[in-house]
There are 2 protein chains.
Amino acid sequence: MLAGDARAIARAISLIEDESPGAADLVGAIFARTGRAYLVGVTGPPGAGKSTLVDRLIAELRKASRTVGVIAVDPTSPFTGGAVLGDRLRMQAHASDEGVFIRSMATRGHLGGLARTTGDAALVLDAAGRDVIVIETVGVGQDEVDIIRTADISVVTLVPGTGDEVQALKAGIMEIADIFVVNKADREGADRLVSAVEANLALQTYGEGEWRPPILKTVATSGRGVAELVEAIWRFRERSVSTQADRRRIRSEHRLRELVSQRFMDHLERDVLASGELRAVVDRIAARQVDPYSAASDLLHRALADSKRV
Amino acid sequence: MLAGDARAIARAISLIEDESPGAADLVGAIFARTGRAYLVGVTGPPGAGKSTLVDRLIAELRKASRTVGVIAVDPTSPFTGGAVLGDRLRMQAHASDEGVFIRSMATRGHLGGLARTTGDAALVLDAAGRDVIVIETVGVGQDEVDIIRTADISVVTLVPGTGDEVQALKAGIMEIADIFVVNKADREGADRLVSAVEANLALQTYGEGEWRPPILKTVATSGRGVAELVEAIWRFRERSVSTQADRRRIRSEHRLRELVSQRFMDHLERDVLASGELRAVVDRIAARQVDPYSAASDLLHRALADSKRV
């Protein structure tokens, strides 16, 4: 995998996606060899043309001889099967290029945890020597924001002509954008959308030398504006070294807290509580016999008092 | 607050929204008096007309003399200020009606935690005697799915004519819907969208007597179809008593796990680690000197060994 073998990378990511017991050992073993890749997050509402844009981005990066890994986070259900289809369609275009590795990751019905597995999958691609890792997510929910914070730079893709320009700017998307892309810029309303984003940016004050998110126009289907997008990404990378270090620290802290919490819960259920005991507490909460705060305090005290057993 | 006083309710929700220390005591004190209200979740993509639909829903419920509480979850940033504006616009229409309490809740830049505060805010409205609590969220991300799972029934609102019908069905939205609403049904493409949803439902098998999500057409601006929506909600409520009990149990478990994790982390930082020690570990992870899994194990063992200090 460290040599960049595609099958080995795929297997490693599957370990992580399945949350196998070996996943922690894997990340532990490769972690010292990560931190070299540049992580580019691409997000935006459904229908904004993100997939086409990412395909063009790959082509542009390959022209510059950069190796690319793509993680397409697709919260599509197993029910509709969209993630798999998307994966195959993408694969075809770059199937013969060893410098491109594409992987779709779907939620598989688990709530939460996708930001975690996405981050670990990016570590695999990083350790495998990919120069640039693109993380593509749909939507503007909090989980997507979490995933995008996994990246070193966030590209927010918007689309004109839905008549909902203002809506598109909602949902915390303004804060996470390092670059705005108005895709399908040949459509009517593109300039109006650029103005709307511009007006929102004008509300924010930027300090001397601080990065102000540029608003780029692209037509991903024809490739128009994609070279300029790549330039803007490199410009951000060069100018924002301290921002990047801060983000990586925040990401590390988030990850650590999450892991500690998760392991404590595992300990509580495995070593402290009798089988079925957690369920009995849950039933008492559901029946309004105890409130969740008191129940949580009680469980915590028991876990800590019982720790000699570990 | 238990007597239904609007100002007291508003103050109680503010306590929860600000994550004040008193919030846990408040929920503990009122918890035994909750569980009576019926929680209706309304979600869908931006621009689907959810707010207008919820306004009509309120009117319909008021006709039937039901008291209503609305929690509009608006992940709008403090930066754009949209949540506050939305709140005021909504308030005007029902300002003179004491049977309607509307509250917008925004993320305030916190990631995560919104599902938690939304759930607790619903408990306040429940204890205050509201018959129906509508929880409205934008988007289709995981966090929204979490919020919607806070509800007893999930109404998924779709809109025709965006040319992205298939996209609208992505993002796990099929699984969470108990009722589909095709709003703006006077627009071209409404029947095509109904067919697309229908085709997706046809992939699923439903057991004898199992609820099959109906697909309703509404025009929220004129009120068309809203009475039928209310009927469908009550039909679901009557037919799905066991589903509702299961959901409330899942919700209780989720809440309990979250609270235990959170309290353990508080204990770790406050009682076990020296000031600045967590930050030092984070710095070592960011510098790739230790991997997050090993660091987490180490912290967990220290917390458990140190528990005599509690």
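This is a predicted model: local features need pLDDT of at least 70, side-chain atom pairs count only at pLDDT 80 or more; totals for chains, interfaces and linings use all residues.
Q: Which residues have the most contacts inside the largest nonpolar core?
A: A nonpolar core is a set of buried Ala, Val, Leu, Ile, Met, Phe, Trp, Tyr and Cys residues joined through side-chain atoms within 4.5 Å, where buried means under 20% relative accessible area, exposed over 50% and partly exposed in between, for a 1.4 Å probe and protein chains only. The largest such core has 92 residues, and those with the most contacts inside it are A:Leu256, B:Leu256 and B:Phe264.

Q: How are the rings of A:Phe264 and B:Phe264 arranged: stacked, tilted or edge-to-face?
A: Rings of Phe, Tyr and Trp (its six-membered ring) pair if their centres lie within 6.5 Å, and planes under 30 degrees apart count as stacked, over 60 as edge-to-face and the rest as tilted. A:Phe264 lies in helix α11 of chain A and B:Phe264 in helix α11 of chain B, so the pair joins two chains; helices (H or I, at least four residues) and strands (E, at least two) are DSSP runs numbered from the N terminus. Both residues are buried. With 3.8 Å centre to centre and 0 degrees between the planes, the pair is stacked.

Q: Which two elements are tied together by the pair of A:Tyr38 and A:Trp234?
A: The ring centres of A:Tyr38 and A:Trp234 are 6.1 Å apart and their planes lie at 45 degrees, so the pair is tilted. The two residues are 196 places apart in sequence, so the pair ties together strand β1 (residues 38-43) and helix α10 (residues 226-239) of chain A.

Q: Is B:Arg255 buried or exposed?
A: B:Arg255 has its place in helix α11 (residues 241-272) of chain B, and, apart from residues up to four places away in sequence, touches A:Pro292, A:Tyr293, B:Arg116 and B:Asp120. Its side chain is joined to that of B:Glu258 by a polar contact of 3.3 Å, that is, a pair of N or O atoms within 3.5 Å in which, within protein, one must be able to donate a hydrogen and the other to accept it, residues adjacent in sequence counting only if both atoms are side-chain atoms. Because its relative accessible area is 10%, B:Arg255 is buried.

Q: How far apart are the end C-alpha atoms of helix α1 of chain B?
A: The expected span of a helix is 1.5 Å times one less than its number of residues. For the twelve residues of α1 (residues 6-17) this rule gives 16 Å, which agrees with the end-to-end C-alpha distance of 16 Å.

Q: Which ring does the charged end of A:Arg288 sit over?
A: A charge sits over a ring if NZ of Lys or CZ of Arg is within 6 Å of the ring centre and within 35 degrees of the ring normal. The charged end of A:Arg288 lies 4.7 Å from the centre of the ring it sits over, that of B:Phe31.

Conventions. Residues are numbered from 1 along each chain as its sequence is written. Chains are lettered from A and ligands numbered from 1 in the order in which they are written. Side-chain values use heavy atoms; hydrogens and water are left out. Contact means heavy atoms within 4.5 Å.
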